[in-house]
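I want to look up how aromatic rings and charged side chains pair up here.

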Amino acid sequence: MEDEEGPECGKPDFVLLDQVTMEDFMRNLQLRFEKGRIYTYIGEVLVSVNPYQELPLYGPEAIARYQGRELYERPPHLYAVANATYKAMKHRSRDTCIVISGESGAGKTEASKHIMQYIAAVTNPSQRAEVERVKDVLLKSTCVLEAFGNARTNRNHNSSRFGKYMDINFDFKGDPIGGHIHSYLLEKSRVLKQHVGERNFHAFYQLLRGSEDKQLHKLHLERNPAVYNFTRQGAGLNMTVHSALDSDEQSHQAVTEAMRVIGFSPEEVESVHRILAAILHLGNIEFVETEEGGLQKEGVAVAEETLVDHVAELTATPRDLVLRSLLARTVASGGRELIEKGHTAAEASYARDACAKAVYQRLFEWVVNRINSVMEARGRDPRRDGKDTVIGVLDIYGFEVFPVNSFEQFCINYCNEKLQQLFIRLILKQEQEEYEREGIAWQSVEYFNNAIIVDLVERPHRGILAVLDEACSSAGTITDRIFLQTLDTHHRHHLHYTSRQVPLAVPAPPQWAGGTCPIGTTLPMPHGNWVGTQLWCHCCHCGDLLCPGGGEAGLSPHTDPPHTFCALTSTCPHSSAPQTRPWSLAETSGSSTMQGMSRTPWKASSTRTEISSSRTSSGCCTTDPTLRAMWPDGQQDITEVTKRPLTAGTLFKNSMVALVENLASKEPFYVRCIKPNEDKVAGKLDENHCRHQVAYLGLLENVRVRRAGFASRQPYSRFLLRYKMTCEYTWPNHLLGSDKAAVSALLEQHGLQGDVAFGHSKLFIRSPRTLVTLEQSRARLIPIIVLLLQKAWRGTLARWRCRRLRAIYTIMRWFRRHKVRAHLAELQRRFQAARQPPLYGRDLVWPLPPAVLQPFQDTCHALFCRWRARQLVKNIPPSDMAQIKAKVAAMGALQGLRQDWGCRRAWARDYLSSATDNPTASSLFAQRLKTLRDKDGFRAVLFSSHIRKVNRFYKIRNRALLLTDRHLYKLDPDRQYRVMRAVPLEAVTGLSVTSGGDQLVVLHARGQDDLVVCLHRSRPPLDNRIGELVGVLAAHCQGEGRALEVRVSDCIPLSQRGARRLVSVEPRPEQPEPDFRCARGTFTLLWPSR
């Protein structure tokens, strides 16, 4: 264990005590309590002392310290037990449970809360929405159940007045996916009356003090609990000692919010509030004797009928039916005949109280079932989702011993005896028997086995519950004395039984000096002739329990009719004759009276006036769906109920047997809670009070067994399966003679053979440190083994993938060969006639190639085009090659942006020297050309033509354009082609044309104004020569190795002496000759459209 507690804090584990005596045990408990150490181990059992104050032991930081740790790595804590439970469930796939036991006020409910908080905190790291919903329901359900099932008592400010066992279902990842709550024996008698200093259930006070005034007015309630008989006793008490923090007002808000989170609809919450209000109003109804007949026959009437109206309104039931259910009863005889009998005032009061208790019990059961319906796992398939595991948390009422005890105290303590029997069986008895069976040297530890006490209560035919059932089912008048005499007959010689007629066979308690049991006195009852008797069960677990034969003797006389023991535990069967059993039987589960009470308020016919008819009709009177769900048995006709229902005692006994079997099927973890004092004061530990609890909890015997025993035992095969990787002789598989020999070799290698014992089939490990050492060795090796397995598996996967890839590549290679052959064959078939002139395969369609052959086909297509071009070009005369090159250059420069550029006609180039194009002045141009050749020395004329030009002064003139290999000349045709302007050809950087059929061209020169011209006076008229000009100039520039920028735009920008202008073309059909129109900053060519 981590060294966080010094020796001044005592021993963290009672097993480490020097001597196992009660004095040493109490001294260590006292020392740790004084140091604020409320938790101590007994092996894996946790002993918890209620501190009655908030301690800084909980929260996210504490949870992080214990998460994933071994039990002994940290100081004792509830989180350590919760973590061990969770790890056993998750890692070993074992169903586990946590059994929290102790007397009332020992802190069991708070312990269960902290366990639930830990489980919620360490699960669902991936934040799945469904898991978060289940966690919220699990946590919020505790708040709701406390409101309806807990109350303030003299022993505990928040005492559980019911038993709760919660199963939490987990998936294979360890996340909660659902749950189920089992409730046991709600103390419904608390609804009617409480002892001095105690309160009714919290829900009543929370409703009165936490509701808004508008809601209280709607429920016809007043805020003061003292107004109502059922809450008057606890009106001046708070829910807890921390009234400022846990007031009824705040609790009401918390419960309402919790119900909303769980999934209660607003209508259901409102219905619950109406039912609680109806119970409070029902408790204020009083009955008076009258001499009038009519509806109130037998002379009984309701003192204040306004309360009946409130109950009828809140339960959505007709008023007359509520009144009838209070003033009369109906029973069915064996001949299906219905017999009606009116109540006396005392019987009506008892029927009212029985109805109030039954309604609250049904409400509580409905709340539990409603939570279960929301919390259950949904859509789980073990074949798909894997096996679900379970953690059970048992928070059941603590044992109670009062000066006068009711039947409910009897059942509560019987429940704790059953749990103690399970503890004895699992921790003490089975452990010692296993040592003997495995041949382990063992010194037997003496302990008291309370099976004889449990058998005294639940033995068939002769046990107390069986005799009680038999007495209540007998015909005729059964009194307490007859019941007591029957018990005396069966158990006269029992060592742990005594009554007023039978002395105790074992020494009496110290307070009963002399060995005789005090004789109970006669209780004054309204019916008289009833003798109160007393029954004493001498129980080792809960101490000496004194049970009056009158059952709930703690209640006021008017609530205790004769044969109350029968009312508490049994039921009256339906016989062939009308029943005359006293109304006290209504308290039992399924009694005939209670069946009538369950049927009459909620099932009746509003069209029949006969009471018997209202009992047999099938129409549902109440419109409240919650009440209908609470009373499903009310739908059955009273004449159809023929089977005698089980008694409350039998039902509780059966539920306890099922609970113990359920717990025994799981791996248990124990939390033993101790109440330090009766005053509920922080920092005070009453040694005598705690000593008594330590004795009947069997903690000292547990320490002795733990010291003498072994912390763990495992079959050799399972031990090897888990730890064989830590030894070279056992990994991966041993070659020794047996598993036992292999385990021995493994332990010798670790040097742990001195802390174990070898049984016939199991290995017994004495100290948890040995397991921790082995687990640490295993934890160090697991990553290595995982890497080894991963390497081997990855290698296998890689080899599988490599073989598959090889096969794939082989298939792909052969398929590609096939596709290539097929494609080449298709190409050869299609291009067989490609050599035939004059087209040379121009119209042939290339087949779609496979993706892998696309580059090959692109190359082939380029080669084919070059070959075809070669075939076409080689037949062209050399004189035409310059024209062909110019056309190719024009096509590349224009890039398809101009559709008509004269590529289909012959290009003459020098049109001014042609007599066809210039008939009147060709000779003059020839002379001027000769002069310029002599002067400038150019070798060839690239292009010449008449043009229409516009300058920066907006002057429009006819000019001639001469383009040689040296210069660009602008000539005046009207003056014998005199040179107007000469620009070196290398200064020409580009030209711009439009995309239409016009002859506009803008020549751009470096350091010169842009020249805007339009080719015209051509033969034929408007002949398209723009492409020829672009082609010859582009071809010449390509020959010189420089770039020529050719732009195609319908709106051409230009620059003239720094001024930016735009030139565009406007087609005009009526225009005879091309001409320019000038505007400010723009030129427009008016082009005669054809």
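Below are my entries on ring pairs, charges over rings and salt bridges.

**Entry 1: ring pairs**

I'm working from a predicted model, so I keep that in mind throughout. I began with the aromatic pairs, and the count came to 22.

I picked F264 and W366 to look at in detail. Their ring centres are 5.9 Å apart and the planes sit at 65°; that angle is over 60°, so I put the pair down as edge-to-face. Then I checked where the two residues sit. F264 is in the loop between α8 (248–262) and α9 (266–283), while W366 belongs to helix α12 (residues 345–375). That is 102 residues apart, so I noted the pair as a link between distant parts of the chain. Buried or exposed, I wondered, for F264 and W366? Both are buried.

Next I looked up W846 and F864. Here the centres are 5.7 Å apart and the planes at 75°, so this pair is edge-to-face too. W846 lies in the loop between α27 (768–830) and α28 (854–873), and F864 is in helix α28, so the contact ties together parts that are 18 residues apart in sequence. For F864 I got a relative accessible area of 14%; that is under 20%, so I call F864 buried.

I also asked which residues the ring pairs link into a cluster. My list reads F831, Y840, W846, F864 and W867. Both W846 and F864 from the pair above are in that cluster.

**Entry 2: charges over rings**

I turned to Lys and Arg side chains over ring faces and wrote down two cases. R817 lies over the face of W814, at 4.8 Å from the ring centre. K887 does this with W907, lying over the ring face at 5.5 Å from the centre.

**Entry 3: salt bridges**

How many salt bridges does the structure hold? I have 43 in my notes. I went through three of them one by one.

D213 and R223 came up with their side chains meeting at 2.5 Å, N to O. D213 is in helix α7 (residues 213–218) and R223 in the loop between α7 and α8, 10 residues apart. I looked up accessibility for both ends. D213 has a relative accessible area of 57%, which is over 50%, so D213 counts as exposed. R223 comes out at 33% and counts as partly exposed.

E268 sits in helix α9 and R370 in helix α12, 102 residues apart, so I logged a link between distant parts of the chain. The accessibility values are 17% for E268, which is buried, and 19% for R370, which is also buried. I went back to Entry 1 here: F264 is in the loop between α8 and α9, and W366 is in helix α12.

I found R959 buried at 11% relative accessibility. D972 is buried as well, at 5%.

Terms used:
Residues numbered from 1 in each chain as written. Predicted model: local features only at pLDDT ≥ 70, side-chain atom pairs only at ≥ 80, totals over all residues. Heavy atoms only, no water. Phe/Tyr/Trp six-rings, centres within 6.5 Å; stacked < 30°, edge-to-face > 60°. Helix = DSSP H or I, 4+ residues; strand = E, 2+ residues; numbered from the N terminus. Buried < 20%, exposed > 50% of the residue type's maximum accessible area, 1.4 Å probe, protein only. Lys NZ or Arg CZ within 6 Å of the ring centre and 35° of its normal. Salt bridge = Lys/Arg side-chain N within 4 Å of Asp/Glu carboxyl O.
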